[in-house]
Each structure stands twice: as structure tokens, then as C-alpha cells.
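Please read these notes with the model open beside you.

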Amino acid sequence: MKQGINVGLLGLGTVGTGVISIIKQHQQELKHQVGCAVNVAKVLVRDIDKKRGVEVEENWLTTDPAEVCCDPEIDVVIEVMGGVEDTKEHLANALKNKKHVVTANKDLMALYGAELLHLASENGCDLFYEASVAGGIPILRSLADGLAADRITKMMGIVNGTTNYILTKMSQEGSQYLDVLAQAQELGFAESDPTSDVEGLDAARKMAILSTLGFSMDVSLEDVSVKGISQVTDRDLHYCEQLGYTMKLIGIAKRDDDRIEVSVGPTLLPNDHPLAAVNNEYNAVYVYGEAVGETMFYGPGAGSLPTATAVVSDLVTVMKNMRLGVNGHTVHAPLHEKVLKEDKEIDSKYFLRMRVTDKAGTFSAITSLFAEYEVSFEKLLQLPLDGGEEAEVIVITHHTSKENYRELYERLQALEVVENVESSYRVEGGQ
Ligand SMILES: NC(=O)C1=CN([C@@H]2O[C@H](COP(=O)(O)OP(=O)(O)OC[C@H]3O[C@@H](n4cnc5c(N)ncnc54)[C@H](OP(=O)(O)O)[C@@H]3O)[C@@H](O)[C@H]2O)C=CC1
Ligand SMILES: N[C@@H](CC=O)C(=O)O
Ligand code: NA
């Protein structure tokens, strides 16, 4: 093993700053674990003159990716810049130049993970991406190592810090959606374009990565049914509270007889459900294995130092592998062919909020339709709206298939007494 390991960074924003801080502050611990010093050699940024949140040494910064990805002195490239197509090219160059890669980039791994992992293997290099899912929680290594002997059947959790922060502040403090989103951006939780957070795409990418690893199937973003939180209103949250539920953006990946479903959407959880108590930018993932049963992983899902911890831990794994001479051996082709469930096989309970005409017969028209589709009510509320001519009906259904529910929903929208179905969310937990 040589005297020290040279690391090049692509990006020095929220996560990159945390990576440099940890490398500097934990140098003694790192050296103890891997037997040599960790040196930062080069850092790619867009703007060399920008003020940085950490002390930057002379000659570190560059705007030329080749100075990081092609420099023969650099052993490991840490990608914390984001982006997809150009970033993929930078990482492909790094791997072809025999550099190990650590990335926090779920957009990239959800789209090109398989291709990059094969390129890494071909070049005898490691490629690790723990920070890409649930920030500081060591969930990918738990699936790949700690639960490697088991057969995973379900993963369910909160995997986006920004939306959990927003929903927590809206529910608990009555904050306004746009104000809290701005706070999440300020705190460094949100993506550079927060649309991917609030529309559920970031969580969907993470669920695709989790399912690929957990189910050993090639699951892509297109396989994930996605709905975000941008349409969630104060009224929805008010009724959740009134009915004893908490709303969270939940990712669900389930396997039944080798047929899978993967989805992300605002979901009502009973207040005593463990995921209902996961607040702010914290994430949590339930993993069910046939042998182990239920396990739960909890921790900060976003933010500078928590995310950087995952990145630097991957770096430590690369360095331990270098010491043992076993880099580039982690890729496995998926064991199972991916088969997605049909909508008639996907089962759930639902919350519905409808604006209806407040007159005799409305209630019976609605209940008759539910009876026609054999969907029974778990909870039902009818409340007059201001003005007196309209009312709001809130329903929590018992279990039904996604296919049946979609048809019922369309028929409800078309009912003369229903002015509009204002919102509809999945409900998990309970009976
Ligand atoms: N923030 C978080 O909590 C988490 C983020 N991630 C992921 O980590 C990655 C980084 O996120 P984050 O640190 O928040 O992002 P930031 O926007 O804070 O930082 C991005 C950094 O990359 C540099 N950069 C971006 N594009 C280019 C480019 N084309 N050429 C050169 N430099 C570039 C920027 O340079 P400059 O500073 O000069 O503008 C900046 O230093 C993303 O993939 C994100 O999804 C993963 C988990 C958690
Ligand atoms: N924007 C992401 C950052 C971590 O992946 C989030 O909010 O979870
Ligand atoms: Na993680």
C-alpha cells in the first residue's frame, strides 16, 4: 500500500463541503482504519472564485473535469456534483483510467447504474453509491451485506428528506408549502431543481435503486408509479389529523411470488405507525426479509455531514479493498427476471376527499356506487361547506385493488352529485 490515497472530488457544494470536513477532521480515524493518509488532490467546481464553506488549499480547485478523472496521481474519484449525461461521461472516463468511484448521485445510478457498475468491474474498479439512497443511513450496505443471506419481500419507507421536512412543518406548525420548501433549499436538503423532490421523482429513483438491489431485479424508474406532494393541501392535512392519521411521502416496494410493485406517493399512516414519527429531514426504511422478519433503518436522509458520512464510508471500503487487492468484484447480474404486478394484483386502502352537492340523495348515490364496486368504508365523514349548498365527504376505504379503485374513482368523478374528487391518497397500516 502506498503512503497515502489521493482523492479527487467532482463538486464542492453541500455534500462536497461535508466530505472535505470529514476527511480533515477524522483523518486520524481514517488512517487507523485503512493504514494510510487520505489526501484531497483536486476538486472540480463551476466557479473557482465562489466563497466555500470549508478551507480550500491552493491549487485544489479546477474547472476542467480531466484534471480529476484523468490525473494518474488520483486513486479515487468522489462525485458529488449531480447531473446525469455529462457526469456519466466524467465517471466513465475515471473508471477507464482505473480510478475507483464513489457517488451520491441517485439520478445517475437509477438511470445508468447497471452500465457504470459493469464498466467498473471491467476495469477492476469499485463503484459505491451509499449516499444516493436515504443519505446517512447505511441502507445499501445493509441490503448488500447485513441481509445478504435473506430473501427480501418488502421495503417501505420515507426516502426523501425535503418532502418529509415540508410535510412535517405543514402538519405540525401550519407552515405554508412554499415557505417550507424555501427553508429546505436553504438547509441544503433539496435538489438543485426541487421539482424532483416535491414531485416524488427523487424518491422514485431511490426506490428503483433499492428494489434493484433488494429484489435482485433490474428495476428502472419507469417501473415506479409516482405521485408527489405538490397537490397536498392544508385541508387534506387537517382531515388526516382529525381521523388519526399522519401524511408522509412513502415509497413501497413489494414482492409476492416474484411479481413486484414499486410506488411512491403521499400516504396516510395511523399516528401510532413507526414511520408516522419520522420527522423533518429524517428518513426511515422498513425491510422485511423472509428469514429475518422486520428490520427498520432510521437516520438523517439529507444534509451536508450526514450525507458526507455515507460518502466517506464508501471511500473507506474502497481503501480497505485496495489494501486486500479485491477491488472491482461487487457486481452481480440480477438473479431474477423482473415481472411487474398488474393493477388488479396491487391492493391498498384509500383516502378520498370529495366536494358534493349538499342535498337529499347525495349520500345514497355515493354509497350505492361504493357498494357496486364492493368497496367498504373504514371511515366516513360528511361536513357542510361554507355557503350551505355544498358539502365535503371524506372516506377511508377498506382494501381494494388498484384496478377496481381506478374505475370507482372515474365513476365518482362522473356522478352528478359529486362536484369534484379533490384528493385521493393511499392508506397504509392498521387492519
Ligand atoms: N444535499 C443533500 O442532502 C444530498 C445530496 N445528494 C446528491 O449529492 C449530489 C450533490 O448534491 P449537493 O451537494 O446538494 O449539490 P450542490 O448544488 O450543493 O453542489 C454541487 C457542486 O457541484 C459543482 N458542479 C455542479 N455542476 C457542475 C459542472 N457542470 N461543472 C463543474 N462543477 C459543477 C458545483 O460547483 P459550484 O460550487 O462552483 O457551483 C457545486 O460545488 C447530488 O447528486 C445530490 O442528489 C445525495 C444525498 C443528499
Ligand atoms: N433532495 C434529497 C437529498 C438526499 O437525497 C432529499 O431531500 O432527500
Ligand atoms: Na444511505
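1. Glu173 sits in helix 7 (helices are DSSP runs of H or I of at least four residues, strands runs of E of at least two, numbered from the N terminus). Is Glu173 buried or exposed? Its relative accessibility is 53%, so Glu173 counts as exposed (buried is under 20% relative accessible area, exposed over 50%, partly exposed in between; 1.4 Å probe, protein chains only). Between the C-alpha atoms of Glu173 and Leu201 there are 26 Å, and the two residues are 28 apart along the chain.

2. A word on the basis. This is a predicted model, in which local features need pLDDT of at least 70, side-chain atom pairs count only at pLDDT 80 or more, and totals for chains, interfaces and linings use all residues. Residues are numbered from 1 along each chain as its sequence is written, chains are lettered from A and ligands numbered from 1 in the order in which they are written, and side-chain values use heavy atoms, with hydrogens and water left out.

3. Now ligand 2. The residues around ligand 2 include Asn160, Gly161, Phe189, Glu191, Asp197 and Gly301 (a heavy atom within 4 Å of the ligand). By type, the shell holds three nonpolar, four polar and five charged residues (Ala, Val, Leu, Ile, Met, Phe, Trp, Tyr, Cys and Pro are nonpolar; Asp, Glu, Lys and Arg are charged; the others, Gly among them, are polar).

4. Which side chains have an N or O atom close to ligand oxygen? Lys106 places a side-chain N or O atom 2.5 Å from an oxygen atom of ligand 2. For Thr162, the distance from a polar side-chain atom to a ligand 2 oxygen is 2.6 Å. For Lys206, a side-chain N or O atom is 2.8 Å from an oxygen of ligand 2.

5. On its own, ligand 2 has 250 Å² of accessible area, and the protein covers 94% of that (Shrake-Rupley method, 1.4 Å probe). Helix 7 (161-173) and helix 10 (201-215) are the elements that give two or more residues to the shell.

6. Back to Lys106. It belongs to helix 5 (residues 106-122). Lys106 is buried, at 10% relative accessible area. Beyond its neighbours within four places in sequence, Lys106 contacts Ser132, Glu191, Asp202, Arg205, Lys206 and Ile209 (heavy atoms within 4.5 Å). An unreviewed UniProt entry annotates Lys106 as "binding site"; such annotations may be inferred rather than shown by experiment.

7. Finally, the UniProt record (unreviewed entry) gives "domain: ACT" for residues 351-426. That span is 32% helix and 45% strand, and its end C-alpha atoms lie 6 Å apart.

Note on methods. Polar contact = N/O pair within 3.5 Å; in protein donor to acceptor, adjacent residues only side chain to side chain.
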